[in-house]
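Work through the exercises below with the sequence and the model side by side, and try each task before reading its solution.

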Amino acid sequence: MTMRTHTCGQLRDTHVGQTVTLAGWVNNYRDHGGLIFIDLRDREGVTQLKFDPDLAGSAHKVAEGLRHEDVVRATGKVVDRGVNDKGQALANPKLATGQIEIEVSELVILNKASTPPFTPDDAQTSEEIRLRYRYIDMRRPQMQNILRTRHRVAKIIRDYCDKHGFYEVETPFLCRSTPEGARDFLVPSRLQPGSFYALPQSPQLFKQILMVGGVDKYIQIVRCFRDEDPRADRQAEFTQIDLEMSFVEPDDVMSICEGMIREVWKQVLGVDVPKVERMCYAEAIGRFGSDRPDLRFGMELVDVSDLAQQTDFKVFRGAIEAGGLVKVICVPGAGGGSMSRKETDALAEWVKQFGAGGLPTCKIESGKLTTGVAKFLESISTALIERTGAKDGDLLCFGVSPRKTVVHRTLSELRVKLAHDLKMIKPGQWKWLWVVDFPMVEWNDEQKRWDSLHHPFTAPLDADLDKIESDTANVKSKAYDLVLNGSELGGGSIRIHRPDVQQRVFKLLGIDEEAAKMKFGFLLDALQYGAPPHGGLAFGLDRLVMHLVGTSNIRDVIAFPKTQMGADLMTEAPAPVDDAQLKELSLRVQTHAKPDKAV
């Protein structure tokens, strides 16, 4: 006998009269005075089974003992649910299969389940419990939909890239450690005691080698590893949609990637993605304080440093005289102007986490500045209102600091928080943006050195090659990020393909010739043997799926995620290993206190 003829989401009124076999989990059990109803669930949906004591025979007796999450196989006839004695239809419009039910004649229990710690339809279960019993959590329709969506996205991308001539090539997981940026996960070598592999933070160097090897177009949906603290949208182990192309400029890569995203959004959501506008990095920082601006609402940053300098307000003047900035956002009166002193004081405390000393504010009433710091700004009141476009009832929030980065970070985070708190974002919006012309490097004030803004293999603009050493701060790169609703979906660049340029960039970053050869010798060697101009981009698959299914937690879209302490609650990894394994690897462990397994 076949295990099943149909899934639990497949049957419709066109199947009425057929004898079918279904298999799945008991989702619900109801005994109506001898007439038993079971909702049977698999990943495709739910079908109602009916056990009539006059028709089901021994199956009825078996059904009496069923409970949540028992695994069963049921055979019977598809019947229309019909109407009750009052002539009302008994169909369930909430179910795709709600027009029919199965009049069961044979029932087999395939596996009797213990009482589960929670049921898949229990919305109140804590995340910690759901992660510990992930196999039960996966049975939820929401999780099944997420996994289905993830599968569809991967298939769409593979089909799209195949159509455009890409080869899928696997790159190694056991690599050489090249610590640049996040910490590596290290793997000890048994055959070479004292030496270690590193798990890849990305396939960056290998995909560049593939271009040198003439592969021309490469794609890989690949696991990557970074030993850094997880966040709501970040995991130490994550999946990347990684691609690289030869003989390209930024427009070529962005065009391919834009087409890929357009295909995914159309097939998964039925949404047409328009041509994505572009904004240079400097403009994004100036207007929004961020290189991943959320364009779904206004409250853009307005520079009022010149006006602030005309006041006697020491907070403003002191910041400007120290080389800093004064910028402001205008919060519309519907939410901003109605804020109480207690609420604005709370915001002033909140922004301190970004390095701000506080949050000067004032309101607009009858065309004048009132409350807060208004008394210090009387001399510039008219000019300030005109420049910000503020209207009666609006709230002005000032970012002030001797450090420009603090002003931008503070107001960027504040505008996003206020937009969410005041419900300024309309549902169903998709605001896309390419951010381009990034600086090649940024100054690390603590370590007094230049750091790559993206990575050390990013090519400078051709026009800026001569400025690498002489005007470093103003060198722009051929880098580009794709931003959606304030979230970076992916980033990439054209790579340095000339060994002399790569050496100059390494030197700028404080990587001398010996260190460069030790860390990246194989790449530098490859560049000497005819490396083509090449570039690419990597999307975070997990983050992309988060947008598609509408969740803000990356753990929702990964089958087996880690907690914020990097723990797998289901398998209880990481875990100690025995002394014999350590001895074989020539390792010895220094014991520390065991961290809490917080979610």
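Ring pairs join F313, F316, F376 and F398 into a cluster. The model is a predicted one, in which local features need pLDDT of at least 70 and side-chain atom pairs count only at pLDDT 80 or more, while totals for chains, interfaces and linings use all residues. Residues are numbered from 1 along each chain as its sequence is written, and side-chain values use heavy atoms, with hydrogens and water left out.

**Exercise 1.** Find how many aromatic pairs the whole structure holds, and describe the pair of W265 and W430.

*Solution.* Begin with the rule: rings of Phe, Tyr and Trp (its six-membered ring) pair if their centres lie within 6.5 Å, and planes under 30 degrees apart count as stacked, over 60 as edge-to-face and the rest as tilted. A search of the whole structure gives 15 aromatic pairs. For W265 and W430, the ring centres are 5.5 Å apart and the planes stand at 85°, so this pair is edge-to-face. Next, locate the partners, using helices (H or I, at least four residues) and strands (E, at least two) that are DSSP runs numbered from the N terminus. W265 belongs to helix α6 (residues 250-269) and W430 to the loop between α12 (404-421) and β17 (432-436), so the pair ties together parts that are 165 residues apart in sequence.

**Exercise 2.** Describe the aromatic pair of W265 and W432, and decide whether W265 is buried or exposed.

*Solution.* W265 and W432 form an edge-to-face pair, with 4.9 Å from centre to centre and 80° between the planes. Because W265 lies in helix α6 and W432 in strand β17, the pair ties together parts that are 167 residues apart in sequence. For the second step, buried means under 20% relative accessible area, exposed over 50%, and partly exposed in between (1.4 Å probe, protein chains only). W265 has 0% relative accessibility and therefore counts as buried; W432 is buried too, with a relative accessible area of 7%, whereas W430, at 25%, counts as partly exposed.

**Exercise 3.** Which residues of helix α10 are buried, and which exposed residues does the face turned away from them carry?

*Solution.* In helix α10 (residues 341-350), the buried residues are T344, L347 and A348. These three cover an arc (of the directions from the helix axis to the C-beta atoms) of only 105° around the axis, which puts them on the same side of α10. The face turned away from that buried side carries the exposed residues K342 and E349.
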